[in-house]
Amino acid sequence: FKHLFADKEMKGKEMLDWFRTAPEGKHIKPYTNIIYDSPVYPVVMDSNRTVMSLPPIINGAHSKMSVATKNVFIEATATDLTKAKIVLNTICAMFARYCAEPETIEAVNVRYEETGEQSFYPDMSTREASANIGELCSTIGVQIPPENIATLCEKMQLGPAKLDNKGNVLVTVPVTRSDILHAVDIIEDVAIAYGYNNIPRTIPVSHYPGRELPINQLSDMMRMELGRQGYTELMSLGLCSHDENFAYLNKDDDGNTAVTLANPKTIEFQVIRTSLIPGTLKTLAENRSMKISEGIRLFEVSDVVLMNGPMDADQADIGCKNERHLVVLYAGPTAGVEITHGMVDRIMQALAVVPNPAYCPEAAAAPGVERLLTNNAHFGEYVVEPQENSTFFPGMSAVLKVKKNGESEFKEIGYFGALHPSVLSNFKLSFPASIFEMNLEFFKK
């Protein structure tokens, strides 16, 4: 078989390998997987059994068109029959007007060996679609006489159009309008034919001014608070490598946490981050030249994507959810766990979360805390409890638990500690650091 770009005949596997390696065939390389491992290859032959095409890969030089071509054989191949029909019908409809006898197409009887079914292609038959006139006028925002709607539909190749006694406009959809899928597509065509500039501008009946989402408002408040504490904000990428998200943090991938890219272009972008820690440590690693004698303070407030945990209906439909997190890092001559712990307390104070008396009796008895409790103005209570975490140095990590006002149980919403030496080594860091990460969604009202 000699394909369009070849100067010699090739065998099937040889030709597919050529498309996979030759620069001239790189645009066809993605399609070679469709038949590469198949024991047989589909071919289109003429009456002399000369191969004219190797669908769905490429046509042959034998059937190459030229300015002298008079008879055109149109063949469309796809892994989706509906899409193949749309392509074939559209091409045939466009070619038919230039035939010696205009609008003439010779159909082909296709027989399927496996099922015995027979179908004639192309199928140039039209189909009917409808739209409610009341809904049409309401959507466009102008009252159009029904008879004018039918005329406008015909103007957009949706004719002949007619009206029924139920307040609908019935249109005839030709094969060239495969984009007509729903009544709203008819409404859009009528609006185009009517003219967008002819639609009067009106003030909506219901007016509700936009406002910032509560989670974004909370995020901005936390950014300002952390900035006042001397921390510098960073913005890291939402994608990272699989190792950075798991192995570099001494964590195992259970397969149900991170959204994995099916065809990553680079090893650096394999999964959507489930934690802000990898991006923060990569940013710190790229700024190792900064002076650390007085400590480096960084923070980020951004989204992670998780496949597990509670989800609402929309999130469950796509199988994952966005979750707003906050991360705070301190790096210096020492890990500074006490500094990070102090920031945890400050963040809780800014969020009107009071310390549980069992956790810190002195702080729980402070005048400011007593006023919040007296006025019932606090969000809830929090405790910090020691808990081992493979990302942190043994004995130097803890979890943050919060109990909302009126609830009986504490929920774990964050963790912090001194980073494990192996984690620091994985991110090419030569000085100690401590880090805190928490879920901000918990405080969304």
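These legends walk through a few close-up views of a predicted model. Local features need pLDDT of at least 70 and side-chain atom pairs count only at pLDDT 80 or more, while totals for chains, interfaces and linings use all residues. Residues are numbered from 1 along each chain as its sequence is written, and side-chain values use heavy atoms, with hydrogens and water left out.

**View 1. Phe 379, Phe 442 and Phe 443 form a cluster through ring pairs.** Rings of Phe, Tyr and Trp (its six-membered ring) pair if their centres lie within 6.5 Å; planes under 30 degrees apart are stacked, over 60 edge-to-face, and the rest tilted. Phe 442 and Phe 443 have ring centres 5.5 Å apart and planes at 85°, so they meet edge-to-face. Both of these residues are buried (under 20% relative accessible area; exposed is over 50%, partly exposed in between, using a 1.4 Å probe and protein chains only).

**View 2. Lys 404 has its charged end over the ring of Phe 442.** The distance to the ring centre is 4.8 Å. To qualify, NZ of Lys or CZ of Arg must be within 6 Å of the ring centre and within 35 degrees of the ring normal. Arg 20 does likewise with Tyr 36, at 3.7 Å from the ring centre.

**View 3. Lys 282 and Glu 244 join in a salt bridge.** That term takes a side-chain nitrogen of Lys or Arg within 4 Å of a carboxyl oxygen of Asp or Glu; here the N to O distance is 3.3 Å. Lys 282 is partly exposed at 28%, whereas Glu 244 is buried at 12%.

View 4. Arg 177 meets Asp 179 at 2.8 Å, N to O. Arg 177 is buried, but Asp 179 is partly exposed.
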